[in-house]
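Visitor: Please take a close look at a single part of this structure. State the cut-offs as you go.

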Amino acid sequence: MAVKPGYYPDGVTKYTDPFYKCVCRNCLHKFWSVTVDIVCSKCGSMDVFYDFDDGKADKELERLNQSKSEFIRENQSKSEFIRENQSKSE
Ligand SMILES: [Zn+2]
């Protein structure tokens with residue numbers, strides 16, 4: 001496969017392009033990448049959000065943080081509910 005002149009080996013990213021701002025959807029690690037074949041440098045996940053726009057990456061990070069904390073809250077209230085029911089049956 002010939003590499004286009006002025007492009008990185010991924011064939012998508014130009015040398016003149018800015019870095020991608022990346023947010024790992026698995027561990028919420030934020031990092032920069034030069035090319036689009038992005039793997040999280042922290043957990044190795046390939047489920048990574050990326051955009052040239054740092055503001056969009058921040059928004060995605062915020063969104064992921066929110067959905068993660070909602071998930072935790074939901075689980076906490078569930079375990080409280082279970083505890084309550086257990087103490088009632090005793
Ligand atoms: Zn990760």
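Guide: Helices (H or I, at least four residues) and strands (E, at least two) are DSSP runs, numbered from the N terminus. The model is predicted, and local features need pLDDT of at least 70, side-chain atom pairs count only at pLDDT 80 or more, and totals for chains, interfaces and linings use all residues. Residues are numbered from 1 along each chain as its sequence is written.

The protein chain holds 1 helix and 3 strands, in the sequence pattern β-β-β-α. Its C-alpha trace spans about 75 × 25 × 15 Å along the principal axes. The radius of gyration (over C-alpha atoms) is 20 Å, whereas a compact globule of 90 residues would have one near 12 Å, by the rule of 2.2 Å times the number of residues to the power 0.38. Of the 90 residues, 9% count as buried, that is, with 20 or more other C-beta atoms within 10 Å of their own; 12 or fewer is exposed, in between is partly exposed, and C-beta atoms are placed from the backbone.

Against that 9% for the protein chain, strand 1 has 5 of its 5 residues buried, so it is largely enclosed by the rest of the structure. Both of its faces are covered: Tyr20, Cys22 and Cys24 are buried on one side, and Lys21 and Val23 on the other.

Next come the pairings, where two strands pair if DSSP finds at least two bridges between them. Strand 1 runs antiparallel to strand 2 (residues 30-33), with 4 bridges, and antiparallel to strand 3 (residues 48-51), again with 4 bridges. Together they form an open sheet of 3 strands in the order 2-1-3, with antiparallel pairing. Strand 2 and strand 3 are the edge strands, each pairing on one side only. On average, neighbouring strands of the sheet are turned by 30° against each other, direction ignored; the axes are lines fitted to C-alpha atoms, for helices over the stretch in contact, and angles run from 0 to 180 degrees between N-to-C directions.

Cys22 links the two pairings. Its bridge partner in strand 2 is Phe31, and in strand 3 it stands opposite Tyr50. The bridge partner of Val23 in strand 2 is Lys30.

Val23 also has contacts beyond that bridge, a contact being two C-beta atoms, placed from the backbone, within 7 Å. Setting aside residues up to four places away in sequence, Val23 touches Leu28, Lys30, Val48, Phe49, Ala57, Glu60, Leu61 and Leu64. One of these, Glu60, belongs to helix 1 (residues 54-89). Glu60 is partly exposed, because it has 19 C-beta neighbours inside 10 Å. With neighbours within four places in sequence left out, Glu60 is in contact with Val23 and Phe49. Further along the sequence, Asn75 is 15 residues from Glu60 and 22 Å away in space, C-alpha to C-alpha.

Most residues other than glycine have a negative phi. Leu28 has 15 other C-beta atoms within 10 Å and is therefore partly exposed.

Asn26 is found in the loop between strand 1 and strand 2 as well. It is partly exposed, with 14 other C-beta atoms within 10 Å. Residues up to four places away in sequence aside, Asn26 touches Cys40, Cys43, Ser45 and Asp47. Asp51, 25 residues from Asn26 in sequence, is 17 Å from it in space, C-alpha to C-alpha.

For the protein chain as a whole, 38% of the contacts with a separation of 6 or more are between residues 24 or more positions apart.
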